[in-house]
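Dear colleague,

Please find below the structure that I am handing over to you.

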Amino acid sequence: MWSWFRRRNDAGQAFPIYIMVVAGLLFLAFAYLAVGQAAANRNGAQTAADAAALAAALDTRDQLAGKWVEDVLDPTQWQDIFDGEVPGLVDSCGRADQLAAQNDAHVNDCWSPTPLDYKVEVQTNKPVGDSIVPGTADLKSTETATAEIEPLCTFELPGEDAGDDVLPQLTCKDRNWELNPDDLTVLPEPEDLFDVHLAD
């Protein structure tokens, strides 16, 4: 009889401990869920920032390539174009806005530290959401990204005795372009002239 009461007493003492363990495990599960929500929100912000920066840089690359085609018969202008030192380019941050919006975010800031790169700060439109962590429900993630425009081509201006109708050979990575001023039907594409990538 005594042993029966003792077993029942032990079971009664174990039940509160069991409840505490289960409650602790549930708390940990919700905490991990909150961390996961925040990480997913940050990842979304970083994706939007990367896409926005690349979009701005690609737009500028295309403008520079267009300027090169316009001035292909004047090789004295080429180096300025490859350096990004071209007046009259349209600000490409509008493209950053478009790509951020497609990723459910918006651009807080967009600027060019140099003529050949764009830096973009993006914030998510949606907050992290409700969780057990106080103050995170309305928290939005902000991330930055930088995209660089890298010139891929080199050339040497012809000597003074070469004549005005001689264009330099353009070496772009592993291809040489022999440019004939009388037949300019085949010219390098923007991706032949410039590479665009995210900064490390």
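**Findings**

In this predicted model, arginine 175 places its charged end over the ring of tryptophan 177, at 3.7 Å from the ring centre.

The link joins distant parts of the chain, since tryptophan 78 is in helix α2 and phenylalanine 155 is in the loop between β4 (153-154) and β5, 77 residues apart. Tryptophan 78 counts as buried because its relative accessibility is 0%; phenylalanine 155, at 16%, also counts as buried. Through ring pairs, Trp68, Trp78, Phe82, Phe155 and Phe194 are linked into a cluster.

Turning to the strands, β1 (105-111) pairs with β2 (residues 117-124) in the antiparallel sense, over six bridges. A hairpin of five residues joins β1 to β2. Cysteine 110 has valine 120, in β2, as its bridge partner.

Threonine 146 is located in strand β3 (residues 142-151). Is threonine 146 buried or exposed? Its relative accessible area is 19%, and it is therefore buried, the limit being under 20%. Apart from neighbours within four places in sequence, threonine 146 is in contact with Ala53, Asp117, Tyr118, Lys119, His197, Leu198 and Ala199.

Two residues deserve a note on backbone geometry. Most residues other than glycine have a negative phi. Aspartate 104, however, has a positive phi, near 55 degrees. This aspartate 104 lies in the loop between α3 (93-102) and β1 (105-111), and it is partly exposed, with a relative accessible area of 35%. Lysine 173, which is not a glycine either, has a positive phi of about 55 degrees. Lysine 173 is found in the loop between β5 (170-172) and β6 (175-177), and counts as exposed at 65% relative accessibility.

With kind regards

Conventions. Residues numbered from 1 in each chain as written. Predicted model: local features only at pLDDT ≥ 70, side-chain atom pairs only at ≥ 80, totals over all residues. Heavy atoms only, no water. Helix = DSSP H or I, 4+ residues; strand = E, 2+ residues; numbered from the N terminus. Buried < 20%, exposed > 50% of the residue type's maximum accessible area, 1.4 Å probe, protein only. Pairing = 2+ DSSP bridges. Contact = heavy atoms within 4.5 Å. Phe/Tyr/Trp six-rings, centres within 6.5 Å; stacked < 30°, edge-to-face > 60°. Lys NZ or Arg CZ within 6 Å of the ring centre and 35° of its normal.
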